[in-house]
Amino acid sequence: FVFMDTSTYDQMTIPDETVGDAKSYLLEAQVATVAIHDGTPLYVELPASVELVISYTEPGLQGDRSTGGTKPATVETGLQIQVPLFLTTGEKVKVDTRSGEYLSRVGS
């Protein structure tokens, strides 16, 4: 993964194991905090939530809005989350980066 310091435009390559679970929420041009000690990256910190587009989910059934059930959905980063039954492919959702849980639909 390549990160750029937005003030100096210096780029730093950070290995997959350092990025860890944050890779499931990273998008190009997204702002993240990288903790560095003596030039070595320690970890990547993300905002509490990110907005991601659902790249695939099974269609819901008519009347699903009131049941409160969930179904699996894959977002653009490849992460699979549980979303309400009424959401469809192509919709943008807010996801909690700490738990991986669906928070809300973005837009309408």
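Helices and strands are here DSSP runs, a helix having at least four residues and a strand at least two, numbered from the N terminus. The exercises below refer to a predicted model.

**Exercise 1.** Describe the open sheet of five strands and identify the strands at its edges.

*Solution.* Step 1: the strand order is 7-6-5-8-9, and the pairing is antiparallel. Step 2: strand 7 (80–84) and strand 9 (102–106) each have a single partner strand, so they stand at the edges and one side of each lacks a neighbour in the sheet. Step 3: from one strand to the next, the twist averages 50 degrees. Step 4: strand 7 runs antiparallel to strand 6 (residues 70–75), and five bridges join the two. Step 5: in the pairing of residues, T74 has Q80 of strand 7 as its bridge partner.

**Exercise 2.** Find the salt bridges and classify the exposure of the residues that form them.

*Solution.* Step 1: the criterion is a side-chain nitrogen of Lys or Arg within 4 Å of a carboxyl oxygen of Asp or Glu. Side chains of opposite charge can pair when their charged atoms come close. The count by this criterion is three salt bridges.

Step 1: K23 pairs with D16, with the closest N and O atoms 3.2 Å apart. K23 is partly exposed at a relative accessible area of 35%, and D16 is also partly exposed, at 37%.

Step 2: R105 pairs with E91, with the closest N and O atoms 2.9 Å apart. This pair links distant parts of the chain, for R105 lies in strand 9 and E91 in the loop between strand 7 and strand 8 (92–96), 14 residues apart. R105 has a relative accessibility of 34% and counts as partly exposed, whereas E91, at 17%, is buried.

Step 3: D96 pairs with R98, with the closest N and O atoms 3.1 Å apart. D96 is buried, with a relative accessible area of 10%, whereas R98 counts as exposed at 66%.

Note on methods: Residues numbered from 1 in each chain as written. Predicted model: local features only at pLDDT ≥ 70, side-chain atom pairs only at ≥ 80, totals over all residues. Heavy atoms only, no water. Pairing = 2+ DSSP bridges. Axes fitted to C-alpha atoms, helices over the stretch in contact; angles between N-to-C directions. Buried < 20%, exposed > 50% of the residue type's maximum accessible area, 1.4 Å probe, protein only.
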